[in-house]
Amino acid sequence: MADQPSLFDEPASGSSPSDDISSDVKQEVLELHAQLNQANYQYYVLDDPQLPDAEYDRLFHRLKGLETEFPEVLTSDSPTQRVGATALSHFEQVTHEVPMLSLDNAFNEQDMLDFNRRIVDRLKQSEIVEYACEPKLDGIAVSLLYENGRLIRAATRGDGSVGENITQNIRTIPSIPLKLLSSDVPPILEVRGEVYMPTTGFEAFNKKALANNEKPFVNPRNAAAGSLRQLDSKITAARPLEFCCYSLGRVEGATLPNRHSEILKQFSIWGFKINPEMQVVNGIEGCMDYYHQLAEKRGSLAYEIDGIVFKVDDIAIQQALGFTGRAPRWAIAHKFPAQEQITLLKDVEFQVGRTGAITPVARLEPVFVGGVTVSNATLHNMDEIARLDVRVGDTVVIRRAGDVIPQIVNVVTSKRPDHAKQIQFPQSCPVCDSHIERVEGEAVARCTGGLVCAAQRKEAIKHFASRKAMDIDGLGDKIVEQLVDEGLIESFLDLYSLKLADVANLERMAEKSAQNLLDSINVSKQTTLAKFLYALGIREVGVATAQNLVNHFLDLKVLVKADFDALIEVDDVGPIVAQHILNFFSEPHNQKIIDGLLNIGISWPKIEKVAADELPLNGRTFVVTGTLASMGRDEAKQYLQSLGAKVAGSVSAKTNGVVAGEKAGSKLTKAQDLGIDVMDEAAFLALLNGHGIQHA
Ligand code: 5U1
């Protein structure tokens with residue numbers, strides 16, 4: 001059945017260990033297979049780990065040990081045999097017994113209405129059609145062939161008729177079963193689905209690639225494709241790939257359910273991951289609702305999707321509808337707006353941030369991408385410009401995925417005009433002309449002007465006044481810029497000596513608004529120590545780190561005197577952050593500003609020490625999911641940890657509570673199914689507030 005001999009072919013005796021060794025060993029090996037396969041399934045497919053890592057490792061090593069001692073027990077479907085094959089010289093061709101067709105696309109509502117109308121007309125029935133809907137993952141389609149429950153061949157789609165044999169690479173993906181999780185399986189089963197790289201894995205992979213001066217992948221789809229194209233499966237094994245199945249290829253010797261959705265459920269029982277977002281809806285209206293719901297959720301999914309696939313759920317109706325030349329009549333992909341587009345790079349400007357970091361910003365010919373019109377994109381730093389070899393005048397590929405800042409991911413060099421201009425990094429700060437420093441090993445270049453630099457001063461004051469810091473209502477960016485440009489303030493300390501006449505004289509500022517602003521400045525004097533610390537703008541000290549510093553030191557006087565060793569004792573403070581804190585408090589200028597702020601009456605309630613086991617959430621485990629409007633998930637996790645809670649990545653029976661932001665997906669559903677307490681953002685902020693954390 002296999003198109004090329006597997007390096008993992010069974011010993012002559014078949015899949016059960018030979019008779020020469022004791023039946024105890026054979027029995028133990030089979031039990032270890034079952035335990036490890038089940039643990040893999042729970043970890044990678046259900047996202048619900050049950051076995052502690054140490055126990056998994058122990059079982060794995062025991063199995064490895066037995067396989068070394070008794071080579072006869074080693075079989076190709078052993079959980080130890082995911083990697084190990086020697087590199088190939090090329091991929092063999094595979095002819096698909098049933099062609100892997102593509103899908104027709106719908107780009108708007110009318111296309112969807114036409115799709116449904118064609119089906120209804122062809123069926124000549126008045127009943128509403130039921131559709132199975134699920135996200136269309138942005139990955140690579142593959143076919144997996146199982147013989148008597150064992151994976152014997154995996155192939156790419158290729159041209160739909162002939163693909164490539166990528167069995168060795170596919171075996172390395174932990175969410176793909178090497179052996180189905182039941183003895184009651186069809187003699188022949190071909191499952192199809194998508195291999196993809198989840199977003200966090202993609203980002204981590206690219207970060208590492210950049211740190212090692214290697215070329216990052218342009219998007220998760222290219223990452224999945226590039227990873228599967230490796231002739232050495234050890235390289236594939238190191239890539240964070242997953243597989244989600246979406247259809248039956250073929251089955252022999254067994255009957256499967258007569259609904260697509262039920263077939264997928266059967267696949268799940270056999271050990272495959274199916275998309276938890278899969279739903280069956282009624283008619284075209286159900287499809288539209290589903291499309292809009294998923295479009296909302298798109299940014300919070302753990303993987304990239306480029307649309308929704310709708311399939312007639314009833315297999316008999318699918319068969320009646322049949323195929324056009326290249327695609328089934330019973331399915332369609334309703335595409336989302338593209339996340340990548342090409343446009344023109346008109347110019348590059350250099351912005352100076354609060355800490356002096358100088359960031360090149362691309363000014364673009366406006367382009368509609370990822371659902372919005374984009375005219376600026378970050379270029380990060382000079383290394384990135386060099387890596388992309390991008391020039392002003394180039395045609396560039398812009399990518400905007402989710403709510404992430406748009407990026408230039410590629411240059412279309414074939415379209416480079418003769419007049420394209422190299423990008424020169426400024427010799428001195430574009431705002432204050434101070435020297436620019438580049439620290440060895442750091443990609444970022446910084447203006448050394450400090451508070452001499454108007455750009456840094458403005459950014460420091462904007463940060464000080466921001467909502468999570470001193471929360472000065474009415475002090476917007478434009479007002480800060482005017483106050484600095486007019487020479488009315490130099491630092492945030494000067495805010496507290498502003499006069500009504502100074503403020504009222506600003507552009508578009510009425511006397512009443514000026515008075516309101518002065519009142520807000522005055523109100524901000526009553527704050528919390530965590531907000532004050534965050535407001536100071538110490539490098540790398542975000543809201544949660546500020547809170548951790550407060551929990552640890554309780555008192556500003558103690559914190560400003562803390563040495564390096566004391567600082568790295570604090571949760572979430574490593575050597576780099578500790579050094580930034582030390583540098584900040586040892587700078588005479590900063591000391592003067594802090595003294596000044598305390599002298600004009602900034603104050604906060606006294607904080608009492610609480611022992612770790614007395615922390616209010618001690619011993620409780622939380623999961624944070626979805627998008628929170630007021631903070632990132634990491635910040636929410638750090639707050640929970642500062643109250644003594646553990647924060648887990650997945651929901652299980654051991655979870656005590658779930659913080660669910662907007663667009664929360666399967667974790668929320670699971671929590672609801674398990675009857676676990678779910679807090680929305682308002683309830684979470686109230687919980688923090690109740691424990692003295694005011695995250696405005
Ligand atoms: N989710 C999903 N993606 N996708 C791609 N389902 C799905 N179905 C496909 C393809 C090509 O084809 C089936 C209609 C067999």
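This is a predicted model: local features need pLDDT of at least 70, side-chain atom pairs count only at pLDDT 80 or more; totals for chains, interfaces and linings use all residues.
**The ligand site and a few residues around the fold**

Residues are numbered from 1 along each chain as its sequence is written, and side-chain values use heavy atoms, with hydrogens and water left out.

The residues surrounding the ligand are Leu101, Leu103, Glu134, Pro135, Tyr246, Ser247, Val309, Lys311, Pro328, Trp330 and Ala331; to be listed, a residue needs a heavy atom within 4 Å of the molecule. An N or O atom in the Lys311 side chain comes to 2.9 Å from a ligand nitrogen. On its own the ligand has 370 Å² of accessible area, and the protein covers 86% of that (Shrake-Rupley method with a 1.4 Å probe; for residues, only the protein chains shown count as cover).

As for location, the ligand sits in the second largest pocket. A pocket here is an open set of points on a 1 Å grid over the protein atoms alone, where a 1.4 Å probe fits and protein lies on both sides within 12 Å along at least five of seven lines; a molecule sits in one if more than half of its atoms lie within 2 Å of its grid points. Strand E3 (130–137), strand E8 (242–252) and strand E10 (305–312) are the elements that each give two or more residues to the ligand shell.

Zooming out, the protein has 24 helices and 22 strands, taken as DSSP runs numbered from the N terminus (helices H or I, at least four residues; strands E, at least two). Its C-alpha atoms fill a box of roughly 90 × 60 × 55 Å along the principal axes. Of the 696 residues, 50% are buried (buried means under 20% relative accessible area, exposed over 50%, partly exposed in between, with a 1.4 Å probe and protein chains only).

Ser630 belongs to the loop between strand E19 (621–625) and helix H22 (633–642). Ser630 counts as buried because its relative accessibility is 9%, and its side chain makes a polar contact of 2.6 Å with the side chain of Glu681. Gln110, in helix H3 (residues 109–123), is partly exposed at 46%. Ala54, in helix H2 (residues 53–69), is exposed at 60%.

Most residues other than glycine have a negative phi. Asn213, however, has a positive phi near 60 degrees; Asn213 lies in the loop between helix H5 (199–211) and helix H6 (220–228) and is exposed at 76% relative accessible area. Leu554 has a positive phi near 65 degrees and lies in the loop between helix H17 (543–553) and helix H18 (556–561).

Methods
A polar contact is a pair of N or O atoms within 3.5 Å; within protein, one must be able to donate a hydrogen and the other to accept it, and residues adjacent in sequence count only if both atoms are side-chain atoms. On a 1 Å grid over the protein atoms alone, a cavity is a set of points where a 1.4 Å probe fits but cannot get out, and a pocket is an open set with protein on both sides within 12 Å along at least five of seven lines; lining residues have an atom within 4 Å of a point.
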